[in-house]
Amino acid sequence: MLVTLVALLCNGQLCMEKVVTNSEMSGITMMSCAVNAQIGIADWLSKGPYQSWHLQSYKCVAGKYTPKSQA
């Protein structure tokens with residue numbers, strides 16, 4: 001089953017959804033996503049262009065996910 005980890009990032013009033021990873025890229029499962037999502041997102045944020053953004057929320061989604069801003 002394809003699993004997608006999605007983060008809701010905010011910078012002031014601006015918020016956007018970003019796909020952090022999915023099981024095709026990293027081999028995550030729904031269980032590992034639920035248990036390790038915060039650690040993975042913290043690592044992803046520290047290494048990417050969104051270092052000044054803060055994590056508002058996250059979710060593990062079954063299947064392919066298209067962020068709402070890109071729909």
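The legends below describe views of a predicted model of one protein chain.

**View 1. The elements of the protein chain.**
The protein chain holds two helices and three strands. Read from the N terminus, the elements come in the order β-β-α-α-β. The radius of gyration is 12 Å, close to the 11 Å that the globule rule gives for 71 residues, so the protein chain is as compact as a globular protein of that length. The C-alpha trace spans about 35 × 25 × 15 Å along its principal axes.

**View 2. Surface and contacts of the protein chain.**
About 4,500 Å² of the protein chain is accessible surface, and 56% of this belongs to carbon and sulfur atoms. Of the 71 residues, 34% count as buried. Among contacts between residues at least 6 apart in sequence, 64% join residues at least 24 apart.

**View 3. The disulfides of the protein chain.**
A disulfide is a covalent bond between the sulfur atoms of two cysteines. Two disulfides are found in a search of the whole structure. With bonded cysteines counted along the chain, the disulfides follow the pattern 1-2, 3-4. One of the disulfides joins C10 to C15, and another joins C33 to C60.

**View 4. The disulfide of C10 and C15.**
The S to S distance between C10 and C15 is 2.0 Å. The link of C10 and C15 is right-handed, with 110° about the S-S bond. Is each cysteine buried or partly exposed? C10 has 2% relative accessibility, under the 20% cut-off, so C10 counts as buried. C15 has 39% relative accessibility, between the 20% and 50% cut-offs, so C15 counts as partly exposed.

**View 5. The disulfide of C33 and C60.**
C33 and C60 are joined with an S to S distance of 2.1 Å. The pair links distant parts of the chain, 27 residues apart. C33 lies in helix α2 (residues 30-47), and C60 lies in strand β3 (residues 54-62). The torsion about the S-S bond of C33 and C60 is about -95°, so this disulfide is left-handed.

Why does C33 count as buried? The relative accessibility of C33 is 3%, and buried means under 20%. C60 counts as partly exposed because its relative accessibility is 23%, which falls between 20% and 50%.

Note on methods:
Residues numbered from 1 in each chain as written. Predicted model: local features only at pLDDT ≥ 70, side-chain atom pairs only at ≥ 80, totals over all residues. Heavy atoms only, no water. Helix = DSSP H or I, 4+ residues; strand = E, 2+ residues; numbered from the N terminus. Rg over C-alpha atoms; globule rule 2.2 N^0.38 Å. Buried < 20%, exposed > 50% of the residue type's maximum accessible area, 1.4 Å probe, protein only. Contact = heavy atoms within 4.5 Å. Areas by Shrake-Rupley, 256 points an atom, 1.4 Å probe, with all protein chains shown as cover. Disulfide = S-S within 2.5 Å.
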